[in-house]
Amino acid sequence: MVRILFLILLFVGAPASSAWSQTSQDPMVEGILAFREGRYQEAAKAFEKAVAADDNNAQAHFLLARVYFETELKDDKRAGRELDRALEIDPENVVYLTARMQQLSVDSKSFLRDKIRESRRRELARTILKLDSTNAFAHAELGDAYIRDFWRYRNALMYPTVQFNEYEYRSRQSVDPMATALRDQIEDLGSFDPDNQEPVLPDASEALSTALPSMNPQSIFLADEFDIETLEAQGIPVVDFSRRAQRAYDRAIFHLYKALDADPRNRIVYDRLMEVYALKGEWSDALEMLQQMYVYFPEDPELWTYLGLAHHRFGNLDAAAKAFESSFEGMDQGMLAAFTDIEFLMPDEEKKRYREDPSGYAARYWTSKDPRYLTPYNERKLEHYSRLTYADLLYGSSELGLHGWETERGAILVRYGTPKGDVVVIPKSTSGVNRGTPVQTGTQSTDPTQAGTRLALQVAQRGTDFALDEEANTFNIWDYGDFKFVFEDPFRNGEYRMYSPSAADLSQGAVPWVNDYTIKAAETIRETPDRYEYEAPGRQIELPFLVSAFKGSTGRTDLFVNYGIPILEFGDQGDMIDITANAGTFVVSENRDILAERRRTIYGLRTDQIVEFEEANLWIDSEEVSVPAGQVDVSVEFETTSGGTVAVQRRSVSVPDFDTSELILSDILLAYRVEETDDGRPLAGSDVVRNGLSITPAPWSVFSLSNPIYVYFEVYNLDVSGDGRADYEVEAALQPKEQGNRVGRFVRGIFGGGDKGVSVSVPVSVASTSDGQYLIIDAEAQPEGLYTLFLKVTDRKSGREVTRQRDLFLESSAAAQ
């Protein structure tokens, strides 16, 4: 990237030439005035006139270089010649050397030429620092250079002398047993000399003799050549550059801060520091750096997105939310659109609804994705903003004019976040990896006449900066666990794209249906448009809950959400555990609307609501909501006001439609106690009331063998023809899970066969089409374990039957109820 040199020293303070004059007729004065006023043709003529008068006028040559490098008269070759002449006259002029460094920053569109220029800039920067140890541009250049090294080495792996043989793989059922383990990884080939700022390596032959097996190259039979875990499990020699990466990181930080010491208003240095901090995950250091950036660029929207990212990754979500909101105030429309457009995250069936009402549907989308409704910010939305910022910071391409989220790697990162595994593999020529062409029989892998070994020797001696002109395509593998993406850098310019085998790859044995990640990525995106796994801060606890559905009024369904909070010890707490907490229950529809929400602050946990179990104690509570039938998400949240303990559980629930004329049963509500209540009030704080009964729900579905199991249910649309009364029979059976998991068998004979389990049958007669009843089941004689409770109601007048079932667990320990 070209960075134009804005230096007052270009006009004052440079060494005077014999042609310099303070008269208005002096061509140097005329040229400088014309340059400042944008009259570049006149400036060029004036400087050329000065050069014609005195070819040793270094300043005139330098200013001509500026005209031809920075203006619409741009002529890189002419600018280069003029700067060469200026440096020939004054070779230690720091300003001229800095300008040369800037000229070499131009992208040449050639991998080899860019690498040569990169090396020359690094040497120029070191030369400048010998002349001026505080030069901000030289320190910034070396900072950039070491960031590039950090990028190159931080997750790079090489597999020396490995032959992929996919054709052989197709006729085999297992990987090659000949693969052997690497004796010693080439991880740290030498010490680090801070003066030379380069590794000092031992003799290459000695290093490689302990790094490579003394045998023919292995032939690894893999269809997927990017299966890193299998390669490593087979003992393939792995060259790891992590220590070199750490050295590059340390030097990058050193030089970038030296650049800021010299010029704290150098805006791009803050970008570079944020890039390397983000790449390393040093968010505390990033926040400290951003405090300094705030002093000089307080209204820069990127400052605020950087702050949002750093605070978010550091866990300061409230600060992150405020920072992102501040960034939106200064964003241009293009940037703002990128942060608000979410169509690409949606399943295909939702995109049409989004286009009809982008702002309204986006609001519902983010609401439905919010993992914690009790907090004042939306964690999923903050994650999205952070991913956009992170992608733009690390994967943007100034050469192509693309923001990070517009590149292929950046787009994947915005969808799925940072991968669990991020590895760069350098196969083929530089690493000695080949496809399909074994070496000559009898040739040892350490024979320097073999191409793979020769290059591996050179890499061991001089590092991967050697032979970059011979380095073949590199691959960046992102592993998300159940799927992965492979990107390639075919032009060796850092612009990665999704890998698809070329014709040459296919001819050499690449398996297209395994290795074509352009196709595989499209399939993954279609099946999983995005991914987000929320991790709550503080101490996370399990929050068991059950949802039971009953017929409500006006065609709606009543949901009872019963949940339990794990409690460790409470024996000396008296009647109340001194804790203040927030709790909430939320129901979200398929259309991403919030159908119901219940929020409350709990001042102390009553100990009479605690039920003891063998492995835990549960403080039990319930919420009742009324919702329409359909598929919904039910979210239950609990957090102490200090934020030290957090519990979040979300579950998809199918809400039944009870608005029918058919015989229908409610859900089974498992309970620890059911008693009649005369005044309609619950008998305990944990109870729910239904049909005059106070019920203590069992959200964990765990029961003691020494205590009864209470089963509450409701039945609707009973036949009352004739005498106006309904007559029905209730049958219940509790069977071990392995025997009772087939409903059809139960329906055919609920009590038939087997000596395991418990059953009960009760006739009921009521003067109503609907009824609510409870059963008491004694399971004391049963062994502990997982059971299924079956419930069947038979209407004796109509002959219709209906069934329900629910799993529960029996344990031997007594519960305190």
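Mentor: A helix here is a DSSP run of H or I with at least four residues, and a strand is a run of E with at least two. Counted in that way, the protein chain has 26 helices and 31 strands. The model is a predicted one.

Trainee: How many of the residues in the protein chain are buried?

Mentor: Of its 817 residues, 53% are buried. The word applies under 20% relative accessible area.

Trainee: What share of the contacts comes from residues 24 or more positions apart?

Mentor: Such residues make up 68% of the contacts in the protein chain with a separation of 6 or more.

Trainee: Why are H12 and H14 called roughly parallel?

Mentor: Helix H12 covers residues 267-280 and helix H14 residues 301-314, and they pack at an angle of about 20 degrees with axes 12 Å apart. Angles under 35 degrees count as roughly parallel, so H12 and H14 are given that name. Their crossing is left-handed.

Trainee: Which residues make the contact between H12 and H14?

Mentor: H12 supplies Arg-267, Asp-271 and Met-274, while H14 supplies Glu-302, Tyr-306, Leu-309 and Ala-310. Sorted by class, the contact of H12 with H14 has 4 nonpolar and 3 charged residues, and no polar ones.

Trainee: What makes H7 roughly parallel to H12?

Mentor: Helix H7, residues 136-153, packs with H12 at an angle of about 20 degrees, the axes being 11 Å apart. That angle makes H7 roughly parallel to H12, because the limit is under 35 degrees. The crossing of H7 and H12 is left-handed.

Trainee: Which residues of H7 and H12 meet?

Mentor: On the H7 side they are Ala-140, Asp-144, Ile-147, Phe-150 and Trp-151; on the H12 side they are Val-269, Arg-272, Glu-275, Val-276, Leu-279 and Lys-280. By class, the contact of H7 with H12 has 7 nonpolar, no polar and 4 charged residues.

Trainee: Which members of the largest nonpolar core touch the most other members?

Mentor: Met-274, Leu-290 and Phe-485 do, in a core of 113 residues. Members of such a core are buried and joined through side-chain atoms within 4.5 Å.

Trainee: What is Leu-290 in contact with, leaving aside its neighbours within four places in sequence?

Mentor: Leu-290 is in contact with Met-274, Leu-303, Tyr-306, Leu-307 and Ala-310. A second, separate core has 42 residues, including Leu-559, Tyr-563, Ala-581 and Val-632.

Technical notes:
Residues are numbered from 1 along each chain as its sequence is written. This is a predicted model: local features need pLDDT of at least 70, side-chain atom pairs count only at pLDDT 80 or more; totals for chains, interfaces and linings use all residues. Side-chain values use heavy atoms; hydrogens and water are left out. Buried means under 20% relative accessible area, exposed over 50%, partly exposed in between (1.4 Å probe, protein chains only). Contact means heavy atoms within 4.5 Å. Axes are lines fitted to C-alpha atoms, for helices over the stretch in contact, and angles run from 0 to 180 degrees between N-to-C directions. Angles under 35 degrees count as roughly parallel, over 145 as roughly antiparallel, 65 to 115 as roughly perpendicular and the rest as oblique. A crossing is left-handed if the near helix is turned anticlockwise from the far one by less than a right angle, and right-handed if clockwise. Ala, Val, Leu, Ile, Met, Phe, Trp, Tyr, Cys and Pro count as nonpolar, Asp, Glu, Lys and Arg as charged, and the others, Gly among them, as polar.
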